[in-house]
Amino acid sequence: IQYLKKNNMPFIVFGESQTPGVVYVSNNNFQATYDMMKVVLEKNFKDMWLLMGGESYVNKDRERGVRTFYSMDLKVVYGLTTIESVYSFAVNDLSFGNYPDIIFVSGDEKVQGLIRACYEKGIAIPDNISVVGFDNIPISQYYTPALSTISPNYVKLAQEMIEGVLAIIKGESVTSVEVSTKLVRRQSF
């Protein structure tokens, strides 16, 4: 960012930025999980785990969205950045009869580790536990079971990025933008 600023290069950050004067385009991560919780609470779930990557603004906003609508026992684990780390965590912390009603994984690709651990432990998704991811990556609809996930509006994100950079090039003033998401319900929830 400092290099781009120093060299007067037009840019917009993808993902939330807390750097003063830096414009960004991001998912509305707070609203995404807040809206998810409206559906979660309809199911009368009592406890939930959030399996998160790094302690970024994105993941903190996702946690905040859950906590704002929070009325259940919540376990939040940060630092799970790979399929393998989610798998290792789940293998060590899940046991039949001792698991939450629902697990949210921040990143669809990492859900595969959770699915494998549940399979090995004899925990059925969604019969015993519900799972929701984030990103709606194309393969998530082919997971077994098909993954319920929060879907970014990739077209709108790209449009906002391109229009913003073009506006900066033209010398126009631009502000940060957060784009709405939607929950895609499939078999895992």
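**View 1. Overall, 48% of the 189 residues of the protein count as buried.** Here, "buried" means under 20% relative accessible area, "exposed" means over 50%, and "partly exposed" covers what lies in between (1.4 Å probe, protein chains only). This is a predicted model, where local features need pLDDT of at least 70 and side-chain atom pairs count only at pLDDT 80 or more, while totals for chains, interfaces and linings use all residues. Residues are numbered from 1 along each chain as its sequence is written, and side-chain values use heavy atoms, with hydrogens and water left out. The C-alpha atoms fill a box of roughly 60 × 30 × 30 Å along the principal axes. The protein has six helices and nine strands; these are DSSP runs numbered from the N terminus, with helices (H or I) of at least four residues and strands (E) of at least two.

**View 2. The surface of the protein exposes about 9700 Å².** Carbon and sulfur atoms supply 51% of that area, as worked out by the Shrake-Rupley method with a 1.4 Å probe, where for residues only the protein chains shown count as cover. What about the charges? There are 18 positive and 20 negative ones, and their mean positions are 1 Å apart. Lys and Arg count as positive, Asp and Glu as negative, and His and the chain ends are not counted. Each charge is placed at NZ of Lys, CZ of Arg, CG of Asp or CD of Glu.

**View 3. Strand E3 (47-51) is paired with both E4 and E5.** Two strands pair if DSSP finds at least two bridges between them. Five bridges join E3 to E4 in parallel, and aspartate 47 has aspartate 73 of E4 as a bridge partner. Four bridges link E3 to E5, also in the parallel sense. Look for tryptophan 49 with its partner isoleucine 103 in E5, and for leucine 51 with valine 105. Four of the five residues of E3 are buried, so the strand is largely enclosed by the rest of the structure.

**View 4. Strand E5 (residues 102-105) is covered on both faces.** Ile102 and Phe104 sit on one side, Ile103 and Val105 on the other, and all of them are buried. E5 also pairs with E6, in the parallel sense, over three bridges. In that pairing, isoleucine 103 has valine 131 of E6 as its bridge partner.

**View 5. Which residues of helix H4 (residues 83-93) are buried?** They are Ser85, Val86, Phe89 and Ala90. These residues cover an arc of only 130° around the axis, which puts them on the same side of H4; the arc is that of the directions from the helix axis to the C-beta atoms. They pack against E3, strand E4 (73-77) and H5. On the other side of H4, look for Glu84 and Asn92, which are exposed.

**View 6. A separate close-up takes in an open sheet of three strands, in the order E1-E2-E8.** The pairing here is parallel. E1 and strand E8 (177-179) are the edge strands, each pairing on one side only. Two bridges join E1 to strand E2 (residues 24-27), and phenylalanine 14 has valine 25 of E2 as its bridge partner.

**View 7. Two cis peptide bonds turn up, from isoleucine 125 to proline 126 and from threonine 144 to proline 145.** Most peptide bonds are trans, and most residues other than glycine have a negative phi. The bond into proline 126 has omega near 5°, and proline 126 is in the loop between helix H5 (108-121) and strand E6 (130-134). The bond into proline 145 has omega near 0°, and proline 145 is in the loop between E6 and strand E7 (148-152). That loop also holds aspartate 135, whose phi is positive, near 130°.

**View 8. Asparagine 8 is in the loop between helix H1 (2-6) and strand E1 (13-14).** Its phi is near 55°, a positive value in a residue other than glycine. Asparagine 8 is exposed, with a relative accessible area of 70%.

**View 9. Tyrosine 119 has its place in helix H5.** Tyrosine 119 counts as exposed, at 65% relative accessibility. From C-alpha to C-alpha, tyrosine 119 and proline 138 are 22 Å apart in space and 19 residues apart in sequence.

Notes. Contact means heavy atoms within 4.5 Å.
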